[in-house]
Amino acid sequence: MKTPRLLLAAMLLPLSFAAHADKLRLPADAPPAFQAECASCHLAFPPQLLAADDWRRVMASLDKHYGDNASLDEKTRRAIEDFLVRNAGSVRKLGAGKAATGEPPRLTATAWFRRKHHEVPPTDWTHAKVKSPANCVACHTRAEEGSYREREIVMPDGRRWED
Amino acid sequence: MKHATLAILATLCAAAAQAATPAELLDGYRAEAARQSAGFQPSAQRGAEFFQHRFGASAKMPSCASCHTDNPAQPGRHVVTDKAIKPLAPAANAGRFTDPAKVEKWFRRNCTEVVGRECSAAEKADFVAFLLGGR
């Protein structure tokens with residue numbers, strides 16, 4: 001009895017490490033344009049949260065950016081895309097950012113993201129303070145610094161997140 | 001003719017590369033608007049009306065005030081992403097309207113989004129006059 005359990009734990013350990021992305025610091029090679037162009041409207045999303053092909057799709061349709069026109073000149077667009085692709089996550093770990101037809105991929109639509117948030121009740125997602133699942137700072141109070149630890153989570157109604 | 005064009009170009013390039021004051025930016029827009037309509041003078045009052053006007057091109061952000069709040073000296077919030085936006089008024093945020101390229105970029109993006117077209121030099125002049133002069 002004891003051995004299989006230990007074995008199971010040993011097998012799960014590396015998996016749980018891989019799935020615990022407590023730290024998603026902005027990679028040091030971020031071009032200044034990443035902050036100036038992307039992070040002026042939303043969080044400087046960690047490039048690790050989408051796979052390379054998905055980032056390429058996002059960056060190929062900036063004129064239709066989730067209802068906004070976020071077009072950039074080609075040089076800037078290229079610099080940001082290269083940075084995102086260089087630091088992209090693995091599609092095997094994340095899954096694809098499946099979005100509605102005609103929409104660019106969403107980092108909130110990967111299997112990984114949904115698995116990490118499956119315990120969050122619908123009332124939190126639709127809370128007036130949240131507005132969008134991509135509004136990380138609504139609950140991850142230190143997301144701006146790239147920190148997503150569980151103990152830093154404050155739900156929109158003020159309650160702490162208990163596992 | 002050629003010399004004049006070159007001189008204008010050189011001035012424009014120099015202006016684009018340089019930091020400016022909001023007053024200089026306002027004067028640039030005023031001069032451009034005056035070339036299109038003789039005697040144009042910026043109006044903070046018209047700028048205030050423009051700021052509040054509900055253009056309706058975008059359901060989520062009908063007016064400038066949708067994100068920047070009714071008071072441009074206050075911080076705002078992006079209505080879609082909820083991202084905090086620093087105050088627009090230079091009196092509350094010294095960095096505003098000091099980088100001509102940045103100002104043009106945001107006029108282009110936000111006018112297209114909110115007004116449904118690019119803004120004219122006259123509208124930009126009124127807008128900056130409003131933000132500089134309060135009401």
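Select A:Glu144 and B:Lys83 to begin: the two form a salt bridge, with their closest N and O atoms 3.6 Å apart. A salt bridge here is a side-chain nitrogen of Lys or Arg within 4 Å of a carboxyl oxygen of Asp or Glu.

The model is predicted, so local features need pLDDT of at least 70 and side-chain atom pairs count only at pLDDT 80 or more, while totals for chains, interfaces and linings use all residues. Residues are numbered from 1 along each chain as its sequence is written, chains are lettered from A in the order in which they are written, and side-chain values use heavy atoms, with hydrogens and water left out.

**The interface**

Next, show both sides of the interface. Here 10 residues of chain B are in contact with 16 residues of chain A, contact meaning heavy atoms within 4.5 Å. The area buried between the chains is about 1,200 Å², 39% of it from carbon and sulfur atoms; buried area is the accessible area (1.4 Å probe) that two parts lose on being put together, summed over both. Now select B:Asp82, B:Lys83 and B:Arg109, which lose the most area on the chain B side, together 45% of what that side buries.

Between chain B and chain A the count is 4 salt bridges. The side of chain B that touches chain A divides into 3 nonpolar, 2 polar and 5 charged residues. In this grouping, Ala, Val, Leu, Ile, Met, Phe, Trp, Tyr, Cys and Pro are nonpolar, Asp, Glu, Lys and Arg are charged, and the others, Gly among them, are polar.

**Helix 5 of chain B**

Select residues 100-115 of chain B, which make up helix 5. Helices are DSSP runs (H or I, at least four residues), numbered from the N terminus. Among the buried residues of this helix are B:Trp106, B:Phe107, B:Arg109 and B:Cys111, where buried means under 20% relative accessible area (1.4 Å probe, protein chains only). After the helix comes B:Gly116, with a positive phi near 90°.

**The cysteines**

From B:Cys111, go to B:Cys119: a disulfide joins the two, S to S 2.0 Å. A disulfide is a pair of cysteine sulfur atoms within 2.5 Å, and the count over all chains is 1. The torsion about this S-S bond of B:Cys111 and B:Cys119 is about -100°, so the disulfide is left-handed. Both cysteines are buried.

Last, select A:Cys41 and B:Cys67. A:Cys41 is buried at 11% relative accessibility, and B:Cys67 is buried with a relative accessible area of 9%.

Conventions. Buried means under 20% relative accessible area, exposed over 50%, partly exposed in between (1.4 Å probe, protein chains only). Helices (H or I, at least four residues) and strands (E, at least two) are DSSP runs, numbered from the N terminus.
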